[in-house]
Amino acid sequence: MSVLETIPARMLNEVVYCPRLYAIEHLFGEWAESPETLDGKRVHARVDRPQRSGLPAPEDLDDLPADLVQRRSVLLSNEDLGMVARLDLVDVSQDEVVPVDFKRGSSPDLPEQAWLPERVQVCAQVLLLRAHGYTVPHGVLWFAGARRRVVVDVTDELVAATLQARDTARSIALDGRLPAPLVDSPKCRGCSLAGICLPDEHATLTGARDTPVRPLMPPRDDGVPLYVTGYGVKLGQRGGELVVRSRDGERGRARYEDTSRVVLQGEVSVSTAVLRELASRDIPLTVHSRGGWFYGAFHPASGKNVQTRIAQHAAAQSRDQTLALARGFVAAKIHNQRTLLRRNARSAARPALAAMQDALADLDDTETLDQLRGLEGYAARSYFGAFAEMIRSPLQDTIRFKGRNRRPPRDPVNALLSFAYACLARELTTVCHQVGLDAWVGYLHRPRAGRPSLALDLMEEFRPIIADSAVLTAINKGEVQPDHFILHPTGVSLPKPGKKVFIRAFARRIEGLVTHPVFGSRLSYRRVLEVQVRLLGQVLRGELDTYPGFRVR
C-alpha cells in the first residue's frame, strides 16, 4: 500500500480533474478559497453536520419503516479498496441504499449529465457501500443550482476509471513531486489554486506557450494589511471584527474578511482570542519595535510544501546552485537600480549608470559568492552616489543625502530607506512562510541567527522599485516634512507621525499595479512578490531551470 493508506473519494475527483491540483492540495498542503469554493461550502453546510443515528447495518434494513430514511455525513472506509469517504447523504430503504453527493451549480449538457470527476467521486462512494455489504443500484449527484438529481450508473468503465484514479493518486504521493501543469487548459479558469500553480507562467518560461498569459488570478489580494502602532494599545475582537483600543478608547475596527495580515509596531498587546481567530483564517501577524525592527511573526500552524523546503535546503548545500541563484538576485537588483536612475535622475547620474552596467557585465565571470558580493557593493555605491539626483523636493537642501548609511541612519533619507527595507523584509518573510519556504535559509545572504536570509535575497530585486520608489515619492511629493524626523547627536529617527505618513506611501506603492515584464499580466507589487517566491519554489523543485528575476523595463 502507498504512503496514503486510504485515498479520500474527493481526492479522486481532483486527480481526475487535474493531477497537479490534487498534488498541490493534498501532497503540498496548499489551498486558496474562491467564490466557487465558498459557494460549495454553503451548499454542504447542512449535510456536513453528522447525525447521532448512523447508517443502519445491511442486515437491519428490513426492519426499517417503508418510508425513505436519510442519513447525513456518513463516514466509510475500506482497506481492501484503499478508499475513504464522507458521504453527504445516503438514501436508505428496506432493500437498498443510494449515496447522494451534493454539488454546486447545474448539471452540464452531456449525455451522462455530469463530468467524469464528479461521477468518479460518487462511484467511489458506491464501491465503499458495496464493500460494507449494502445493495447499491447506483449513485446520485444533487446539483444545488438547478435543484436537480442526476442518477450515476456504475458501469464497468466508470469503476475502472475510479480505480485508476486511486492508483494515480498513490503514485503521485509516492513520487513526492508535482505533476506538470496543464497547458492552455480551460480547466484552469476558475480554479482557486491557479495563483499557486501558475500554469500559464510555467508554460511561458518553459516554451510550451507563446500566447499571452491568461488573467487566472486577481491582480490584487482581497484583503489589506492592518497596521497597529503606539504605546499601550490593545488589539481585541468583537462581533467578527478586530478592534483597536488605547487608553483614550476605541481607535478603529477592521473585519477579518478584509484583513490580509496584521502588523504590530510598538507596545501593542493582543488577546488570545484574536490569535486563535487569525490562525483559523490563515492570517499572519508580525511584531516590530517602535523603530520598525522586525522581531518575529505569529503564523498559523502549517506543514505545507515540505518537499520544496527539502529542495531548498539541498540547494543551499550546493555551491553551483547557490551561486546561480545569488547571481540572479543581484543581476535583477542592479538592473532595477539602473532603471530607476535612468527614469528619474539628471544627466549627472551617467557615470553611475555606466559603472553599474560594467558590474552587470562582470556578473557571469564571478566564481565565488564573495566576488559576487563585491560587485553588488560596487554597484550599490555607484547607485547611492547618484541617488540624490532623483530628489527634487524643496527639502533637498535640508536633507543633505550623501550616500547610504545605517545603524543608525545619519540623515532623513537614510531613516526612510531603513524603515522601507524593514517593511519590505517583513512582506517577503510573510510570503515565504505562506508559500511554505524557509525564510531563514538563503543563498546570497549568509545564514545567521535572527536574519531571514531568503527574504533578504528575494527583496534585493524589489528594493529599488518598491522601497526606494516609495521613499522618493514620499519626499518629492512633500508627504514627509522635516518635523517628521528627530535629529539626535548620533543619528536620525522616524517617530510615530512620520511612520504613519510613510506607511501610507509604502502601501500605495506595494498595492500599485504593474505589468509583469515576462508574462504581461497586470498585478499589484504585493501579488508579484508571491508570484516570484512561487517561481523560486519551481526552480528549487527542478520544474524550471533558472530563476526569472523581476526586471522592470
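Strand β7 (residues 224-238) is joined to strand β8 (residues 241-246) by 5 bridges, and the two strands run antiparallel. Strands are DSSP runs of E with at least two residues, helices are runs of H or I with at least four, and both are numbered from the N terminus; two strands are taken to pair if DSSP finds at least two bridges between them. The structure is a predicted model, in which local features need pLDDT of at least 70 and side-chain atom pairs count only at pLDDT 80 or more, whereas totals for chains, interfaces and linings use all residues. Residues are numbered from 1 along each chain as its sequence is written, and side-chain values use heavy atoms, with hydrogens and water left out.

Helix α14 (residues 412-435) has 24 residues and reaches 35 Å from its first C-alpha to its last. This is close to the expected 34 Å, a span calculated as 1.5 Å times one less than the number of residues. Of the 24 residues of α14, 21 are buried, so the helix is largely enclosed by the rest of the structure. Buried denotes under 20% relative accessible area, exposed over 50%, and partly exposed the range in between (1.4 Å probe, protein chains only). The N-terminal end of α14 is capped by Asp411, a side-chain oxygen of which lies 3.1 Å from the backbone nitrogen of Val413. Just after the helix, Gly436 takes a positive phi of about 105 degrees.

A search of the whole structure finds 29 salt bridges, each defined as a side-chain nitrogen of Lys or Arg within 4 Å of a carboxyl oxygen of Asp or Glu. One of these joins Asp91 to Arg149, with the closest N and O atoms 2.7 Å apart. The pair links distant parts of the chain, as Asp91 lies in strand β3 (residues 83-92) and Arg149 in strand β6 (residues 148-152), 58 residues apart. Asp91 is buried, at 7% relative accessible area, whereas Arg149 is partly exposed, at 39%.

Arg281 forms a salt bridge with Glu257, at 3.6 Å between the closest N and O atoms. This pair also links distant parts of the chain: Arg281 is in the loop between α8 (272-280) and β11 (285-288), and Glu257 is in the loop between β9 (249-255) and β10, 24 residues apart. Arg281 is partly exposed, with a relative accessible area of 33%, and Glu257 is partly exposed at 45%. Within helix α12 (residues 369-385), Arg373 and Asp370 lie 3 residues apart, about one turn of the helix, and their side chains meet in a salt bridge (3.3 Å, N to O). A network of salt bridges links Arg261, Arg426, Glu427, Glu511 and Arg526.

On the surface, Val287, Trp293 and Tyr295 form a nonpolar patch with about 360 Å² of accessible area together. Patches consist of residues with over 30% relative accessible area and no salt bridge, like charges being joined within 9 Å and nonpolar side chains (Val, Leu, Ile, Met, Phe, Trp, Tyr) within 5 Å. Accessible areas come from the Shrake-Rupley method with a 1.4 Å probe; for residues, only the protein chains shown count as cover. Tyr295 is found in strand β12 (residues 294-298) and is exposed, with a relative accessible area of 58%.

Notes
Polar contact = N/O pair within 3.5 Å; in protein donor to acceptor, adjacent residues only side chain to side chain.
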